[in-house]
Amino acid sequence: MCKVQKHVERKLKLDLSKEFIISLFNSGPVNIKVNANSRKNEIVLYDEQKKMLVVNIDEKAENNEANREIVKFFLKEYDLNVKIVFGKKSSKKKLTSKRI
C-alpha cells in the first residue's frame, strides 16, 4: 500500500461518524467487505464508488466466527441489530439492521 493510499484511508476513517453509519443502515441494506483476522474490530473506510464499508474483524473466518463478531460489533458500537442477508461464506456481505 502506498503512502498516498494510507493518507486517504486515514482521512476517510475520520469522516465515519456514528451518525453516518446509522444513516447508511437507515437508507437500506449495506454492503460490506470484511477483513477477518485483523488486529481489532473497526470500520476502516467507506468506498463511495462501490457503496461499500470496509470492516476489520479480529476473529478468524472459520466456523462462522467472523460473522458472529460482525453482529456483535455493530450492536456494541452502533446499537444496530444487524442481520447478514447475503454472503455468509464470503468476505463481501450485505447487511440489514434495526436500531435498538
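What follows is a friendly chat about a predicted model of one protein chain.

Reader: Hi! What should I know about the model before I start?

Author: It is a predicted model, where local features need pLDDT of at least 70, side-chain atom pairs count only at pLDDT 80 or more, and totals for chains, interfaces and linings use all residues. Residues are numbered from 1 along each chain as its sequence is written, and side-chain values use heavy atoms, with hydrogens and water left out.

Reader: Thanks! What does the chain average in pLDDT?

Author: The average is 87, and 83% of the residues score at least 70. pLDDT is the predictor's confidence in each residue, from 0 to 100.

Reader: And which elements have the lowest and the highest mean pLDDT?

Author: Helix α1 (residues 3-14) is the lowest at 49, while β1 is the highest at 97. Helices (H or I, at least four residues) and strands (E, at least two) are DSSP runs, numbered from the N terminus. Where pLDDT is low, the predicted coordinates should not be read in detail.

Reader: Good to know. Let's go to the strands: how does β3 pair with β1, and how with β2?

Author: β1 and β3 run parallel, paired over five bridges, and Ile-32 has Leu-53 as its bridge partner in β3. β2 and β3 are antiparallel, also over five bridges, with Ile-43 partnered by Val-55 of β3. Two strands pair if DSSP finds at least two bridges between them.

Reader: Is β3 buried or exposed?

Author: Five of the five residues of β3 are buried, so the strand is largely enclosed by the rest of the structure. Met-52, Val-54 and Asn-56 lie on one side, Leu-53 and Val-55 on the other. Buried means under 20% relative accessible area, exposed over 50%, and partly exposed in between (1.4 Å probe, protein chains only).

Reader: What sits between β2 and β3?

Author: They form a hairpin with four residues between them, and Lys-51 in the turn has a positive phi of about 55 degrees. Lys-51 is not a glycine, and it counts as exposed because its relative accessibility is 51%.

Reader: Now the largest nonpolar core: which residues touch the most other members?

Author: Out of 22 residues, these are Ile-21, Phe-25, Ile-43, Leu-53 and Phe-74. α3 gives the most to this core, with five residues. A nonpolar core is a set of buried Ala, Val, Leu, Ile, Met, Phe, Trp, Tyr and Cys residues joined through side-chain atoms within 4.5 Å.

Reader: Last one: which residues of α2 are buried, and which are exposed?

Author: Ile-21, Ile-22, Leu-24 and Phe-25 are buried. They cover an arc of only 155 degrees around the axis, so they are on the same side of α2; the arc is that of the directions from the helix axis to the C-beta atoms. Glu-19 and Asn-26, on the other side of α2, are exposed. Just after α2, Gly-28 has a positive phi of about 140 degrees.
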